[in-house]
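Subject: Structure handover

Hello,

Here is the structure for your files. My notes follow below it.

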Amino acid sequence: MTIDLEQSQLVRRVVTTGRSDGYSASQLSNYLIRVGNSRDPFANPSCGGGPFTGGQTVICELTGRFLTLHILNANLISVCEIEAYNWV
């Protein structure tokens, strides 16, 4: 899942919110956040991730136009919100 921020911006913090009915932890078990200027998400650096527990805050400190939630396994995902902030 890639979000186009429309221009290159400093992303200091990313907050992801999953489902509140208990299914998000099993659906999104391992992930990375990637931020960069390439349309190819694999060319952009990662700034964190790991096991998803329904809601995560990742400190990022990367600059780019594209923010990608990169799933590291073949499970389905159900993400309600992804918020990007330029302050911690």
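Read along the sequence, the protein runs β-α-β-β-β-β, which makes 1 helix and 5 strands. Helices (H or I, at least four residues) and strands (E, at least two) are DSSP runs numbered from the N terminus.

This is a predicted model, in which local features need pLDDT of at least 70 and side-chain atom pairs count only at pLDDT 80 or more, while totals for chains, interfaces and linings use all residues. Residues are numbered from 1 along each chain as its sequence is written, and side-chain values use heavy atoms, with hydrogens and water left out.

Confidence: pLDDT is the predictor's confidence in each residue, from 0 to 100. The protein averages 84, and 81% of the residues score at least 70. Strand β1 (residues 2–18) has the highest mean, 93, and helix α1 (residues 24–27) the lowest, 51. Where pLDDT is low, the predicted coordinates should not be read in detail.

Among contacts (heavy atoms within 4.5 Å) with a separation of 6 or more, 76% are between residues 24 or more positions apart.

Side chains: R13 lies over the face of Y85, at 4.2 Å from the ring centre. The charged end of R13 also sits over the ring of W87, 4.5 Å from its centre. The criterion is CZ of Arg, or NZ of Lys, within 6 Å of the ring centre and within 35 degrees of the ring normal.

Regards
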